[in-house]
Amino acid sequence: MLPNYKGPLSLSQLAETCTKAIKNANELLDESEILFERDHFARSLYLLRISNEELGKFYLSLEAIFFELHKIEINWQTFWFSFRRHELKTQISESFISHMIENDLYRVSKEELPKSVLAWEHVKLSSLYVDIFENQIRLPSETITKELVSEAIEVMSRRLRPLHGFDINAVIEKELSKIQS
């Protein structure tokens with residue numbers, strides 16, 4: 001396995017990260033729907049949660065782009081820590097997108113966000129591993145319901161829909177023209 005890169009990224013690398021994170025989030029959603037159609041609800045939910053984390057990478061990278069454009073120093077150590085931590089990517093995604101989409105089913109207040117992120121992390125792990133709940137040993141397929149996954153697919157679809165056709169380079173050019181004005 002290659003060692004993780006930990007240095008600064010150029011504007012074009014950040015733009016590419018945004019583009020690929022959204023592409024991967026959409027691919028994970030598509031694959032989740034395939035599993036859902038085959039009644040593999042637990043693994044479907046796992047892919048949805050990873051899709052949400054990729055959305056967090058998108059927003060983290062987008063924020064770094066705006067920092068670069070406005071000559072605000074980026075703490076790359078903090079960036080990479082957030083980029084590679086599951087719960088932090090979830091928190092970034094939840095805090096950005098759930099407040100931008102009207103009637104987002106998973107919207108929580110800023111104060112409730114850390115607790116919600118931990119709960120989702122637990123659900124994500126429960127979709128992969130045997131666990132014990134109320135002294136009962138359960139398979140993921142006995143824990144994750146069709147209704148939960150159906151709702152999660154709808155939420156993730158609504159979160160990704162506004163980003164279809166998103167052109168990060170156009171956003172960068174527009175922001176640069178504002179700065180230069």
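The following legends describe close-up views of a predicted model.

**View 1. Helix α8 and its length.** Helix α8 comprises residues 168-180. Its 13 residues, at 1.5 Å a residue, should span 18 Å, and the C-alpha atoms at its ends are 18 Å apart, which agrees.

View 2. Ile-168, Ile-172 and Glu-175 are buried in α8. They cover an arc of only 70 degrees around the axis, which means that they lie on the same side of α8. Glu-173, Lys-174 and Gln-180 are exposed, and they are carried by the face of α8 turned away from its buried side.

View 3. The side chains of Lys-178 and Glu-175 meet in a salt bridge, at 3.6 Å from N to O. Both residues belong to helix α8, where Lys-178 and Glu-175 are three residues apart, about one turn of the helix. An α-helix has 3.6 residues a turn, so residues three or four places apart point the same way. Lys-178 has a relative accessible area of 52% and is therefore exposed, as the cut-off for exposed is over 50%. Glu-175 has a relative accessibility of 11% and therefore counts as buried, the cut-off for buried being under 20%.

View 4. Glu-154 forms a salt bridge with Arg-158, and the closest N and O atoms are 3.6 Å apart. Because Glu-154 and Arg-158 are four residues apart in helix α7 (residues 146-160), about one helical turn separates them. Glu-154 counts as partly exposed, at 36% relative accessibility.

**View 5. The salt bridge of Glu-87 and Arg-85.** The structure holds ten salt bridges, and one of them is formed by Glu-87 with Arg-85. The closest N and O atoms of this pair are 2.1 Å apart. Side chains of opposite charge can pair when their charged atoms come close. Both partners are partly exposed: Glu-87 has a relative accessibility of 21%, and Arg-85 has a relative accessible area of 36%.

**View 6. Aromatic pairs of helix α3.** The structure holds eight aromatic pairs. Among them, Trp-76 and Phe-79 form an edge-to-face pair, with 5.1 Å from centre to centre and 70 degrees between the planes. Since Trp-76 and Phe-79 are three residues apart in helix α3 (residues 76-84), they are separated by about one helical turn. Trp-76 and Phe-79 are both buried. Trp-80 and Phe-83 form an aromatic pair that is likewise edge-to-face, at 5.2 Å centre to centre and with 75 degrees between the planes. These residues, Trp-80 and Phe-83, also lie in helix α3, three residues apart, about one turn of the helix. Trp-80 is buried, as is Phe-83. One aromatic cluster is formed by Tyr-5, Trp-76, Phe-79, Trp-80 and Phe-83.

**View 7. Ser-61 and its surroundings.** Ser-61 is found in helix α2, which runs over residues 41-69. With a relative accessible area of 0%, Ser-61 is buried. Its contacts, leaving aside neighbours within four places in sequence, are Leu-14, Thr-17, Cys-18, Phe-79 and Phe-83. Phe-79 and Phe-83 also belong to the aromatic cluster.

View 8. Ile-50 lies in helix α2. Its relative accessible area is 17%, and Ile-50 is therefore buried, since buried means under 20%. Not counting residues up to four places away in sequence, Ile-50 touches Leu-28 and Lys-124. Ile-50 and Lys-110 are 60 residues apart in sequence, and their C-alpha atoms are 22 Å apart in space.

Note on methods:
Residues numbered from 1 in each chain as written. Predicted model: local features only at pLDDT ≥ 70, side-chain atom pairs only at ≥ 80, totals over all residues. Heavy atoms only, no water. Helix = DSSP H or I, 4+ residues; strand = E, 2+ residues; numbered from the N terminus. Buried < 20%, exposed > 50% of the residue type's maximum accessible area, 1.4 Å probe, protein only. Contact = heavy atoms within 4.5 Å. Expected span 1.5 Å × (residues − 1). Arc of directions from axis to C-beta. Salt bridge = Lys/Arg side-chain N within 4 Å of Asp/Glu carboxyl O. Phe/Tyr/Trp six-rings, centres within 6.5 Å; stacked < 30°, edge-to-face > 60°.
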